[in-house]
Amino acid sequence: MKLTPAQIQLKREQLTKHLKRGKISEAEYENEIQSLEMANVVHVQPQTSAPLRSSEQKKNGENQDTVHEKNGFTAETTQLIAQLQKELNEIDGLKAEKSNSLQYIPKNISATSTVTEILKLREAFVAKGDELRFVKKNGQLPIEKEAEGEFEKDEYFASLPNEKYELDRQIRNLRSQMSKWKKKGETAKSLGKKQEYRHHLVRGELKLSAMLDKLNIL
């Protein structure tokens, strides 16, 4: 039976809690998540129409590097997947090392700090696994994740004006620009353009948050 998005999210949260509490292993967690995703896959018959000519591809905002499950990934995406998998393996190895070390801690000595480290590593493992699955499915990192990684809030905060009037003017200009990005994103023809405007919006939201924080202390 196909689940609703809300039911999928609830199931994912329950599985994550079980993993963090040690009720299920990482392997069991991965299997359950994969089963959850496969249960809601919609199979679509491939189109039989003739392939688009290069001029038509450009017109539709497409190119030969566009990611499709049936055609595999671009070289850049493949490299990203390999990097995420490497990071996931490193977290898993460190987590296993910490877990194995528990047996060598004498019973009369507290293992709280080690257990805390293990729990943090489990959270990191789950988060990194979610990133990896997203990239395998969509061919790129979440726009929010990418934008956040590029944004240095402290540096941007320090660069903002200390005059309340000027800062308020910049806030109004940014909100106006964000409204334009939102409209352009809604009407964009290609996925690439939609993602580009979404990226601008996320960065705009991060900047706006920093601006409002500074405005509150002026």
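I take helices (H or I, at least four residues) from DSSP runs and number them from the N terminus. The model is predicted, so I ask for pLDDT of at least 70 for local features and 80 or more for side-chain atom pairs, while totals for chains, interfaces and linings use all residues. Residues are numbered from 1 along each chain as its sequence is written, and side-chain values use heavy atoms, without hydrogens and water.

Entry: surface. I looked up L119 and found it in helix α5 (residues 112–138). L119 is partly exposed at 35% relative accessible area; the class lies between buried (under 20%) and exposed (over 50%), with a 1.4 Å probe and protein chains only. L102, V115 and L119 make up a nonpolar surface patch of about 200 Å² accessible area together.

Entry: helix α4. I read 27 residues, 75–101, spanning 39 Å from first C-alpha to last, close to the 39 Å expected at 1.5 Å a residue. That expectation is 1.5 Å times one less than the number of residues. T77, I81, L84, L88, I91 and K95 are buried in α4. An α-helix has 3.6 residues a turn, so residues three or four places apart point the same way.

Entry: cores. I count as a nonpolar core buried Ala, Val, Leu, Ile, Met, Phe, Trp, Tyr and Cys residues joined through side-chain atoms within 4.5 Å. The largest has 15 residues, and among those touching the most other members are Y156, L174 and W181. Helices α8 (164–187) and α9 (191–217) each supply at least two of its residues; α9 gives the most, six. A second, separate core of eight residues includes I81, L84, I91 and V135.

Technical notes
Patches are made of residues with over 30% relative accessible area and no salt bridge: like charges are joined within 9 Å, nonpolar side chains (Val, Leu, Ile, Met, Phe, Trp, Tyr) within 5 Å. Accessible areas come from the Shrake-Rupley method with a 1.4 Å probe; for residues, only the protein chains shown count as cover. A salt bridge is a side-chain nitrogen of Lys or Arg within 4 Å of a carboxyl oxygen of Asp or Glu.
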